[in-house]
Amino acid sequence: MPIVAQSTETTDWVSRFADEVIEESERRAPGKPVVVASGLSPSGPIHLGNLREVMTPHLVADEIRRRGYQVRHLISWDDYDRYRKVPAGVPGVDETWAEHIGKPLTSVPAPKGSPYPNWAEHFKAAMVESLAELGVEFDGISQTEQYTSGVYREQILHAMRHRADIDAILAQYRTKKAPAKKQQQKPVDEAELEAAEGSGAAAEDDGSSGSAGYFPYKPYCGNCEKDLTTVTSYDDDSTELTYSCTSCGFSETVRLNEFNRGKLVWKVDWPMRWAYEGVVFEPSGVDHSSPGSSFQVGGQIVGIFGGKQPIGPMYAFVGISGMAKMSSSKGGVPTPADALKIMEPQLLRWLYARRRPNQSFKVAFDQEIQRLYDEWDRLEAKVADGSVLPADAAAHSRAVRTASGDLPRTPRPLPYRTLASVADITAGHEDQALRILSDLDPANPLTSLDEARPRYDKAEAWINTHVPADQRTIVRDEPDTELLKSLDEQARESLRLLLDGLADNWSLDGLTHLVYGVPKVQAGFSPDATPKELPAEIKTAQRTFFALLYQLLVSRDTGPRLPTLLLAVGQERVRTLLGE
């Protein structure tokens, strides 16, 4: 029996949608599995904005599974969509791919060097791998297979018989479009990934409107394979259809009850699938949810196929910090695979789980990732000690586990910023990294880097791929004798105090206490004095002292946290560089 009870104390946006979806599913199809859906077009790199199309229903489906219900999460791969344009910056692709514009994505060659048979499979593969790492269970449906095998034949014939009804619905929303305004490129920290672009909606007409009237079906040309075709005649009784291609001039007459080389136009195709699959929940992006959009129009057209519109919350854009403005039609777009190289799946799941679908958020590729990890670790600590708020506890639970079990995690999750600093300083030398990380807590030393993995590997990947070379840390080989000679007595005394305390404080906590304590002791205060007990000048003295240490160790005014840096450099080398 399904477990229906849901504690009001842990109610979050996911739980609320789950309640609504279960109720609606029982009303529409009692006793049958709950059906939620996503749609993805492998027209190019499937990016982090598109991931919201999957994560929103995944989280709801997973909550429903946790309550004991059977759920199907469908992902429709819109691989029978037309190839619209050649994306910029995709490796292995040049201007010759323009000759394939208008063909189905599965009829376009994969980029050069790809092991996959076509364009769609090439871009689908990376997403499938990322979804597995994220713990997303789904049933994938290839629209190429559905259409070319004749699965939708009855639905196509039904749409053609009711083309006048469909045309009448669409006519309510057809207006003359105003000239498009030129958009200014947003700065990097406001970059947004338009989640719906490419998922069927993009720049597709709503049917063939030649001299023979309106038709909601587009054949792919039997000669050039492109969809630049117009239906010139159709007979409902015999299903005899004639079309001509404006690209190559080819024309032919076929019987639609035997013909499998074409598809319903998007605004008809989407509601047809809702009815065919019995979809109860499917979110949509901002562009789908505006007046006259495919979701709104589909809500009327779905009735023609005997179905109902799904519960469909609008989801907001996903922003990116640290990368330029991107969309799925341009190269270099950040994908889930890119994010998973630098962050654990739990963190990425949490970013999508903690915000309601209509709230935008950012995925960090710059220094902000360190702050996000700090926030995540604080949340983990609150969960462990029982002080976490209910909504935060729910988001954490959805991030670390699914109905099938916990996601693999790092055994010793050391602070990300510490791991990044160590990876930066050691430049790939694992024995050195292990030495430093073992010194962080001498009472409970790390015995193998595997204890800090995969988090250590993610931090190392971030350092190597997203931190500019001029911001990397390079420890000096020799002391800066000129700077050491120029120091006044106060600066020399600060170095002596530090060097005298190194041996007794050689741990992360000990060195933290030591480096912050030196300026306090010099000013006549206890090294344990709190900020409230100290004059404002102490902070200035600390900053001056820290800048001196950075200059002597790495020839810069700033760098990784000093305690981590000192551990990384090693006690003997620190003493040499500080002029002992």
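Two strands are paired if DSSP finds at least two bridges between them. Helices (H or I, at least four residues) and strands (E, at least two) are DSSP runs, numbered from the N terminus. The exercises concern a predicted model, in which local features need pLDDT of at least 70, side-chain atom pairs count only at pLDDT 80 or more, and totals for chains, interfaces and linings use all residues. Residues are numbered from 1 along each chain as its sequence is written, and side-chain values use heavy atoms, with hydrogens and water left out.

**Exercise 1. Describe the sheet that holds strands E8, E9 and E10.**

Solution. 
Step 1. The sheet is open, has 3 strands in the order E8-E9-E10, and its pairing is antiparallel.
Step 2. Strand E8 (229-234) and strand E10 (251-255) are the edge strands, each pairing on one side only.
Step 3. On average, neighbouring strands of this sheet are turned by 25° against each other, direction ignored; the axes behind such angles are lines fitted to C-alpha atoms.
Step 4. Strand E9 (residues 240-245) pairs with E10 over 5 bridges in the antiparallel sense. Within E10, Thr253 is the residue opposite Thr242.

**Exercise 2. Classify the aromatic pairs Tyr147 with Tyr152 and Tyr243 with Phe250.**

Solution. 
Step 1. Rings of Phe, Tyr and Trp (its six-membered ring) pair if their centres lie within 6.5 Å; planes under 30 degrees apart count as stacked, over 60 as edge-to-face and the rest as tilted. The count by this rule comes to 21 aromatic pairs.
Step 2. The ring centres of Tyr147 and Tyr152 are 4.9 Å apart and the planes stand at 75°, so this pair is edge-to-face.
Step 3. Tyr243 and Phe250 form a tilted pair, with 6.5 Å centre to centre and 55° between the planes.
Step 4. For burial, the classes are buried (under 20% relative accessible area), exposed (over 50%) and partly exposed (in between), with a 1.4 Å probe and protein chains only. Tyr147 and Tyr152 are both buried. Tyr243 is buried at a relative accessible area of 0%, whereas Phe250 is partly exposed at 27%.
Step 5. One aromatic cluster is formed by Tyr80, Tyr147, Tyr152, Tyr220 and Tyr276.

**Exercise 3. State which charged end sits over the ring of Trp350.**

Solution. 
Step 1. A charge sits over a ring if NZ of Lys or CZ of Arg is within 6 Å of the ring centre and within 35 degrees of the ring normal.
Step 2. The charged end is that of Arg354, 4.1 Å from the centre of the Trp350 ring.

Terms used
Axes are lines fitted to C-alpha atoms, for helices over the stretch in contact, and angles run from 0 to 180 degrees between N-to-C directions.
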